[in-house]
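Colleague: I have this model open and would like to learn how to read it. Could you walk me through a few features?

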Amino acid sequence: MAGDLNWAIGGEAGDGIDSTGKIFAQALSRAGRHVYTSKDFASRIRGGYTAYKIRTSTEKVESVVDRLDVLIALTQRTVDENTDELHDGSVIIYDGERTTMSDFEAPEGMVGLDVPLKRLAEDAGGAIMRNVVALGAACAVTDFPIENLDSALEKRFASKGEKLVENNREAARLGRDYVHEEYPDLDTDYAMETTDEDLVLLNGDEAIGMGAIAAGCRFYAGYPITPATDVMEYLTGRIERWGGHVIQAEDELSAINLALGAARAGARSMTATSGPGIDLMAETFGLVAQSETPLVVCNVMRSGPSTGMPTKQEQGDLNMMLYGGHGEIPRFVLAPTTVAECFHKAVEAFNLAEQYQTPVYLTADLSLAVTEQTYRPEEFDMDAVEVDRGRLVDDETVGEWLDDQGRFMPHADTEDGVSPRALPGTTDGAHMSTGLEHDELGRRTEDTEMRERMVEKRQRKVDTAREREDWSPREFGDPDADTLVISWGSNEGPMVEALDYLDERGVDVRFVSVPYLFPRPDLTDAVESAEDVVVVECNAEGQFADVLEHDTLTRVQRVTKYDGVRFKADELADEIEAALEREVEA
């Protein structure tokens, strides 16, 4: 790829790796370069390997690859962890005055730049700025104009005073100048072109929060949990501008019940959590469905079960979202496939929740949540957002839904399964709802006929949605190829780029990316027309492959990954080619 460069900084948790990486990512995006980031961090406050990787190009990038061109190594372990991605010509920036790096020698074929990061930072005003010195050194290696770094530094440190901003600018320039002076003969192929393109940089959690606000969400309750916390962080201080509120609950049980209460009061409401929180919320999830309350539950998946690996990637919650909860619960499950789709699917989730008065799972995963990616601003057109509040009645229309005694029927047994909804304060709209089985008025009942009617009515909403809504997947590659690859969630980006690798090897692929897990598109025709079908997902059992085999009554091949690391484009191409070879051998 033209102008494609892979950069990383690594060290220990507590070394400021994340903030340093984000500063550089922002600088690149403001210079008109596309960015795709990847993070590797431990589940602890201090200690443990952590890294921030950036792939950048003047063209759009949608995946990480197994290659590192420039590495800022704050520890020996950083080099050890990335040995397989370093190559001849890779540049390693390190501080030889640091005890742990004093004996470091760059591997054969690579370029080692010994830069006294701490000493130069102290010259600029404080050792804490050593990472910014390293960024300046990286600017020298890549011929990246350091002025592009200034605005990112200002955004990061402006709240702490202009003096600190100036100190950081000076630290960056000391790093750049040191490389120019001490390594005058340094010659690399890593010069980064800048453009005038206007780009915004955000991650999946931020996109979900932005989509929620655009959709009219006015109440959020949550409990901090990796990797969903950034949804709450984004909303805090922003949703209030629109009359909304964020509440940090004492646990996940309180969070979903607070959100349920706000939804009953008429607010568009949401909570977000990860796998352990979804387990705790399961009981209230059933109450949401039984009371026919619209609510969005965001599940940002991570490695499980139990506490698992909180900071690692996995798509292991599919079965829980499709089937979790006692009894039979109508629901929708939406799975954004890109960072941008996190925004659009958040809007769609709120509309579906109110149109059909059901709980909606909006599910991302750690890769989407923490990945920062660049987009053109028009991708997030707020004016194009449409809000559909469903069958909401007011003082003038409530009369259509009163029984012969003038009582409002919040669970009216309608042809499409969707009942009227009256907000508190609606004249003649007073009603009750309960988690017990109820009649059309919301009063508890154990009448067998009414029980059947209510169960069928709630399920009928999903049937109605199947007919009314567009559940189409996203398609890429060769529509006539004999090989069909299917995936869901964050696998789309690396798979789209893997198509290029496969094409170079003479392997034609039709790729179907599924953003709707329930209801979901009928892929029977696509599966039956293909000679080879491969399902790609980040879990051990192939949970979506199981679902597809059930739907299509056809055996499929599985490419799974469950080591806590996302798929990479080149790796995925290799895995798919290997799966096809196994099929031939069989």
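Colleague: How many residues of helix 17 (residues 543-552) are buried?

Modeller: Buried means under 20% relative accessible area, exposed over 50%, and partly exposed in between, using a 1.4 Å probe and protein chains only. Helices (H or I, at least four residues) and strands (E, at least two) are DSSP runs, numbered from the N terminus. In helix 17, seven of the 10 residues are buried, so the helix is mostly covered. Those residues are Q543, F544, A545, V547, L548, E549 and T552. Just after helix 17, L553 has a positive phi of about 55°.

Modeller: Please keep in mind that this is a predicted model, where local features need pLDDT of at least 70 and side-chain atom pairs count only at pLDDT 80 or more, while totals for chains, interfaces and linings use all residues. Residues are numbered from 1 along each chain as its sequence is written, and side-chain values use heavy atoms, with hydrogens and water left out.

Colleague: Now the sheet, please. What is the order of the seven strands?

Modeller: Two strands pair if DSSP finds at least two bridges between them. Here the open sheet runs 9-8-10-11-13-12-20, and its pairing is mixed. Strand 9 (245-248) and strand 20 (516-518) are at the edges with a single partner strand each, so one side of each has no neighbour in the sheet. From one strand to the next, the twist averages 20°.

Colleague: How many bridges join strand 12 to strand 20?

Modeller: Two bridges join strand 12 (residues 332-334) to strand 20, and the pair runs antiparallel. V333 has F518 of strand 20 as its bridge partner. P519 sits in the loop between strand 20 and helix 16 (524-529).

Colleague: Which other proline has a cis peptide bond, joined to G304?

Modeller: That is P305, where omega is about 0°. Look for P305 in the loop between strand 11 and helix 11 (318-323).

Colleague: How should I read two helices that cross, such as helix 3 and helix 6?

Modeller: Axes are lines fitted to C-alpha atoms, for helices over the stretch in contact, and angles run from 0 to 180 degrees between N-to-C directions. The axes of helix 3 and helix 6 come within 8 Å and cross at roughly 140°. That makes helix 3 oblique to helix 6, since angles under 35 degrees count as roughly parallel, over 145 as roughly antiparallel, 65 to 115 as roughly perpendicular and the rest as oblique. Contact means heavy atoms within 4.5 Å. L120, D123 and A124 of helix 3 meet N167, E170, A171, L174, G175 and Y178 of helix 6.

Colleague: What do the buried residues of helix 6 pack against?

Modeller: They pack against strand 6 (111-114), helix 3 (117-124), helix 4 (130-142) and helix 5 (147-157). Among the buried residues of helix 6 are V165, N168, R169 and V179.

Colleague: Last one: is E292 buried or exposed?

Modeller: E292 counts as buried, at 3% relative accessibility. Its phi is positive, about 55°, although E292 is not a glycine. You will find E292 in the loop between helix 10 (275-290) and strand 11. D428 is not a glycine either and has a positive phi of about 65°, but D428 is partly exposed, with a relative accessible area of 48%.
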